[in-house]
Amino acid sequence: MSMKQSGLLSTALNVKVIGSGNRVIVLSHGFGGDQSVWQSILPYLASNFKVVLFDMVFSGSVNPNHFDFDRYTSLSSYATDLLTILEELEVEKCFYVGHSVSGMVGCIASIQRPQLFERLILLCASPRYLNDESYQGGFDREDVDRLYIAIESDFATWVSGFAPLVVGADEPSVVKEFTRTMMSMKPEIALAIAKTIFESDVRNILSDVKTPCSIIQTTKDIAVPLSVPYYMQCNLAGGNNTVNILDTNGHLPQLTSPALLLQAFKNILGSWDDSSFGDSQVLLEPTSVRI
């Protein structure tokens, strides 16, 4: 019996609902992370929103027995997980923040359930990471093939070199934290999701995304060239699609530049009170929450 069939997906993926605002915001992390990547901005969001957090199934904080190597070969399977979680929580409308690979996961989910998403916030996201003749994705085929070999041959050494590149800023504490979450993954799961991400090309679905999108990108990101957010803006079908370039480097602005990211969120979602956190940081049991 699958997690979806047994109704235990929220439990398996460590779903948490924090805050008591009237609006719902869903935070979905990227490769190598878990929900702790939002820790610097969570108190501010939880003071004003009902925040839904979860760990992607490839995360090291999820029991690796839940990772189905046959099922999780496309981003559509992750979109199904997202929709299942929101269904279990009885979410009727939400803002969705998708970091990195979770950006396209949210896009796919929004095509299936457009009425569920009020706005997608695509943070350092990309529909394709490989270069081709007419598109700059950021990586050549040779780079990606070497990455696969490095993960498979010596995962710890690869992580120690890859983590600082992804962080992309002189932030030793962030590098240490990202290294920790990456190392918590099983190497074989890390390799599988890396292949799913780098071999994916979902440029063709952008024209089917009718939900308004706010694209947030840093000025220098090893994974996403600056041309990508503008490419997405031009090809997304929904109206009022915006691009916000943060004056900072790296693929993890929620950890390296939380104040800048929060300001971008405010511009997108409207002002909120960030002066007090109060009792809004109350952890609710996900199986008992009706949003």
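Pro 258 is partly exposed, because its relative accessibility is 22% (buried is under 20%, exposed over 50%, partly exposed in between, with a 1.4 Å probe and protein chains only). The model is predicted: local features need pLDDT of at least 70, side-chain atom pairs count only at pLDDT 80 or more, and totals for chains, interfaces and linings use all residues. Residues are numbered from 1 along each chain as its sequence is written, and side-chain values use heavy atoms, without hydrogens and water.

Pro 258 belongs to helix 12, residues 258-269 (helices are DSSP runs of H or I with at least four residues, strands runs of E with at least two, numbered from the N terminus). Leaving out residues up to four places away in sequence, Pro 258 touches Ser 40, Ile 41 and Pro 253 (contact means heavy atoms within 4.5 Å).

Now turn to helix 10, residues 227-235. Its buried residues are Val 228, Pro 229 and Met 232. They sit on the same side of helix 10 because they cover an arc of only 100 degrees around the axis (taken from the directions from the helix axis to the C-beta atoms). These buried residues pack against helix 5, strand 5, strand 6 and strand 7.

The whole structure holds 3 cavities of 30 Å³ or more (a cavity is a set of points on a 1 Å grid over the protein atoms alone where a 1.4 Å probe fits but cannot get out; lining residues have an atom within 4 Å of a point). Phe 31, Ser 100, Phe 162, Ala 223 and His 251 lie nearest the centre of the largest cavity. Helix 7 and helix 9 each supply at least two residues of its lining.

Note on methods:
1 Å grid on protein atoms, 1.4 Å probe; cavity = no way out; pocket = protein on both sides within 12 Å on 5 of 7 lines; lining within 4 Å. Points joined across faces, edges and corners; volume = space filled by probe spheres on them.
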